Amino acid sequence: MAADLTATEQQHVRVALRALRFRFGTWAAVADALHYRPESMKGTACGRAPITPTVAFRVARLANVGIDDLLAGKFRLPGQCAACGHVAQPEEADSRRSTP
């Protein structure tokens with residue numbers, strides 16, 4: 001069975017999920033906002049379950065970004081890694097800038 005979203009699109013949604021986790025503080029809060037169980041959300045975010053179009057649309061709506069931008073990987077928080085979704089704390093970003 002073919003996936004509805006490409007692997008790249010799914011990765012972009014996962015990066016956005018990590019940004020939302022940073023913004024909301026916990027996976028439980030993100031899951032609640034997206035109307036999912038926290039266990040299911042963690043599994044989806046870490047890649048144990050595929051990103052469905054329904055999840056992608058809910059993430060786009062919660063992130064207040066267009067679905068096309070989300071799937072293209074254009075949604076990120078300041079200081080967020082485009083590859084893995086890690087969001088640098090202000091002190092991490094400062095230390096990276098001061099390192100020669």
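## Salt bridges

The structure holds 2 salt bridges, a salt bridge being a side-chain nitrogen of Lys or Arg within 4 Å of a carboxyl oxygen of Asp or Glu. This is a predicted model, in which local features need pLDDT of at least 70, side-chain atom pairs count only at pLDDT 80 or more, and totals for chains, interfaces and linings use all residues. Residues are numbered from 1 along each chain as its sequence is written, and side-chain values use heavy atoms, with hydrogens and water left out.

## Arg-37 and Glu-39

Arg-37 has a relative accessibility of 55% and so counts as exposed (buried is under 20% relative accessible area, exposed over 50%, partly exposed in between, with a 1.4 Å probe and protein chains only). Glu-39 is also exposed, at 52%.

## Asp-69 and Lys-74

Asp-69 forms a salt bridge with Lys-74, and here the closest N and O atoms are 3.9 Å apart. Asp-69 is partly exposed, its relative accessible area being 34%, whereas Lys-74 is exposed at 60%.

## Thr-44

Thr-44 lies in helix H3, which spans residues 38-46. Helices are DSSP runs of H or I with at least four residues, numbered from the N terminus.

Is Thr-44 buried or exposed? Thr-44 is buried, because its relative accessible area is 10%. Apart from neighbours within four places in sequence, Thr-44 is in contact (heavy atoms within 4.5 Å) with Arg-14, Ala-49, Pro-50, Ile-51 and Val-55.

Terms used
Helix = DSSP H or I, 4+ residues; strand = E, 2+ residues; numbered from the N terminus.
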